[in-house]
Amino acid sequence: MTMSEKILARASGQPDVKAGEIVWVKVDIAMMHDLLGPWLVDGGFRRLGGKLFDKDKVVVVSDHCTPPATVQQADILKFTRDWARQQELPYYYEYEGPCHQVIVEHGHVRPGRLILGTDSHTCMAGGLGAFATGIGSTEMIGVLLTGETWLKVPETIKVVWDGILPQGVYSKDLVLKTIKEIGHAGATYQTIEFSGSAIRGLSMDERLVLSNMVVEAGAKTGLIQPDETVADFLRSKGVLEDLDMIKSDDDASFIKTLHFNASELEPQVACPHEVDNVHPVSAVEGKAVDQVYLGSCTNGRLEDLRIAAQILKGKKISKNIRCLVVPASQHIWMQANKEGILDILTEAGCFVNMPSCGACGGFTSGVIGAGEVVMSSSNRNFRGRMGSPKGEVYLGSPATVAATAIEGKIADPRKYLPKEVRA
């Protein structure tokens, strides 16, 4: 059995399930955020009884409308806050950052769990070995009432990355290259399972980039076999219980297997207006930009900020652009502040915003206007994603974002980093 089959078998109470089967499953964590959460589900939820299946398994995070930029956003936030109080939820988080990062930081994610959320990037939790995926707000009503739903067991694409990532090349480059090869709809309703020596060598921060972005290939979820890196991370978050270190069997059936050599990879850039429109940075180097955006639930973690600070230390961003920095959580913001990272970034000319979804989804704090071009470390670049549909969004690693900030045009980050290969 694959990891997906094993997790859904456990969730359905069956000894085994196979890809293609439809199974009823019990949910371990039901997550909602403000924009697609209580204010949308409350009416149907109350009409059908209004009693939560288990308060300890429901997590609500206000992140998309924080801080509110309009009266409507303020009203949505108030409704979400009041709803969480009325339901006496023990796990309500506000102004702490994007929901995907928050549920990971607060220990709600464990290997082998089934996590459903009202956001497509819920799949990020798969970096810890959980089957995590997005569902619609209407589907969430049923989950809140019963703790159950049905899922089709997905087929699995196995993606093997061996070798060592060169200096200046990161997991963002790795996942962009993967999406280019699979296509933006090539993994629809399938699992992408990452493996290989390059994957095992990634930190927890880097692994979450991979699982976060599998939905950009249409995948239902993205999984990485949990190991000591995951166990150490969860222990640091106070999770001391025995973990289900789930893995695919040696004779598991995969719909396809793709092999890549990380040692040959160079920095990648996703060009407008699809995430699979990916090219080496050398092919687009020199494209002028108006804004660079470092952050989001994809690449706003501590390692990402450290990488940018390494490149920007002692330098200034181009006078022709603006550089926005959005740490992925309040915890990360505080850690970056303690390390002096935020000082380095602001001294270079960057503006540091509070943790939120912000301009990544085109909501607040730095959306772009018609004709503007942005280089972003976020996860999507379709028309209108970060503001005007007449703008252009390019995606790259935090290193590529930082190098672009210095030059005011898309730049290869390797020229700003030492030549040695990663250990």
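This is a predicted model: local features need pLDDT of at least 70, side-chain atom pairs count only at pLDDT 80 or more; totals for chains, interfaces and linings use all residues.
**α2 against α3.** Helix α2 (residues 38–47) packs against helix α3 (residues 71–86) at an angle of about 45°, and their axes are 9 Å apart. Next I looked up who makes the contact. From α2 I listed P38, W39, D42, F45 and R46, and from α3 I76, F79, T80, W83 and Q86. Sorting the residues of this contact gave me six nonpolar, two polar and two charged.

**Helix α6.** I then turned to α6, which covers residues 171–182. Its twelve residues reach 16 Å from the first C-alpha to the last, close to the 16 Å expected at 1.5 Å a residue. Is α6 mostly covered or mostly open? I found it mostly covered, with nine of its twelve residues buried. My list of the buried ones reads S171, K172, D173, L174, V175, L176, T178, I179 and I182.

**A132.** My last stop was A132, which I placed in strand β6 (residues 131–134). Its relative accessible area is 0%, so I put A132 down as buried. Which residues does A132 touch, leaving aside those up to four places away in sequence? I wrote down I115, T122, C123, A125, G126, K220 and T221. I also checked G117, which lies 15 residues from A132 along the chain; their C-alpha atoms are separated by 7.8 Å.

How values were computed: Residues are numbered from 1 along each chain as its sequence is written. Side-chain values use heavy atoms; hydrogens and water are left out. Helices (H or I, at least four residues) and strands (E, at least two) are DSSP runs, numbered from the N terminus. The expected span of a helix is 1.5 Å times one less than its number of residues. Buried means under 20% relative accessible area, exposed over 50%, partly exposed in between (1.4 Å probe, protein chains only). Axes are lines fitted to C-alpha atoms, for helices over the stretch in contact, and angles run from 0 to 180 degrees between N-to-C directions. Contact means heavy atoms within 4.5 Å. Ala, Val, Leu, Ile, Met, Phe, Trp, Tyr, Cys and Pro count as nonpolar, Asp, Glu, Lys and Arg as charged, and the others, Gly among them, as polar.
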